[in-house]
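Subject: The structure we talked about

Hi there,

Here is the structure for you to open alongside this email. Have a look at it first, and then read on for my notes.

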Amino acid sequence: MDFNFFEWIREGVKRSVLMGVSDAVEQMGAPHEPEAARDKIMAFLQNEAPENSSTTSKRRVSSSSTGQRKLGRSISEIHPTS
């Protein structure tokens with residue numbers, strides 16, 4: 001008998017997701033006009049992508065001499081010494 005813990009977790013998560021999607025579809029029901037719904041989703045996705053890329057500002061993260069990014073505040077920044 002071969003028991004793989006991670007395979008068991010993956011199968012459980014997969015089953016839970018599929019059951020959740022199934023329940024959501026059952027609650028919402030099928031679209032009345034599937035072509036219109038598909039067209040609306042595609043239009044939304046096409047309009048959303050350019051707006052996101054143009055409005056998103058990228059902040060430059062300072063790096064040290066080793067090339068590593070600074071992820072948070074240091075202890076000296078939290079408790080400055082006098």
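Below is what I found, going from the whole chain to single contacts.

This is a predicted model, so local features need pLDDT of at least 70 and side-chain atom pairs count only at pLDDT 80 or more, while totals for chains, interfaces and linings use all residues. Residues are numbered from 1 along each chain as its sequence is written, and side-chain values use heavy atoms, with hydrogens and water left out.

The chain has three helices and zero strands (DSSP runs numbered from the N terminus; H or I of at least four residues for helices, E of at least two for strands). The mean pLDDT (the predictor's confidence in each residue, from 0 to 100) is 76, and 74% of the residues reach 70 or more. Buried residues make up 0% of the 82 in the chain (buried is under 20% relative accessible area, exposed over 50%, partly exposed in between, with a 1.4 Å probe and protein chains only).

Helix 1 is where I would start reading. Its 24 residues reach 35 Å from first C-alpha to last, close to the 34 Å expected at 1.5 Å a residue (the expected span is 1.5 Å times one less than the number of residues). Asn4 caps its N-terminal end, with a side-chain oxygen 3.1 Å from the backbone nitrogen of Phe6. After the helix comes Gly29, with a positive phi near 85 degrees.

Now for the charged pairs. There are four salt bridges (a side-chain nitrogen of Lys or Arg within 4 Å of a carboxyl oxygen of Asp or Glu). In helix 1, Arg10 and Glu7 are three residues apart, about one turn, and their closest N and O atoms are 3.0 Å apart. Glu11 pairs with Lys14 at 4.0 Å; these two are also separated by about one helical turn. Elsewhere, Glu35, Arg38 and Asp39 are linked in a network of salt bridges, with 3.8 Å between the closest N and O atoms of Asp39 and Arg38.

Finally, a nonpolar surface patch of about 940 Å² includes Phe3, Trp8 and Val13 (patch residues have over 30% relative accessible area and no salt bridge; like charges are joined within 9 Å, nonpolar side chains, namely Val, Leu, Ile, Met, Phe, Trp and Tyr, within 5 Å). Val13 is in helix 1 and is partly exposed, at 48%.

Best wishes

Notes:
Accessible areas come from the Shrake-Rupley method with a 1.4 Å probe; for residues, only the protein chains shown count as cover. A polar contact is a pair of N or O atoms within 3.5 Å; within protein, one must be able to donate a hydrogen and the other to accept it, and residues adjacent in sequence count only if both atoms are side-chain atoms.
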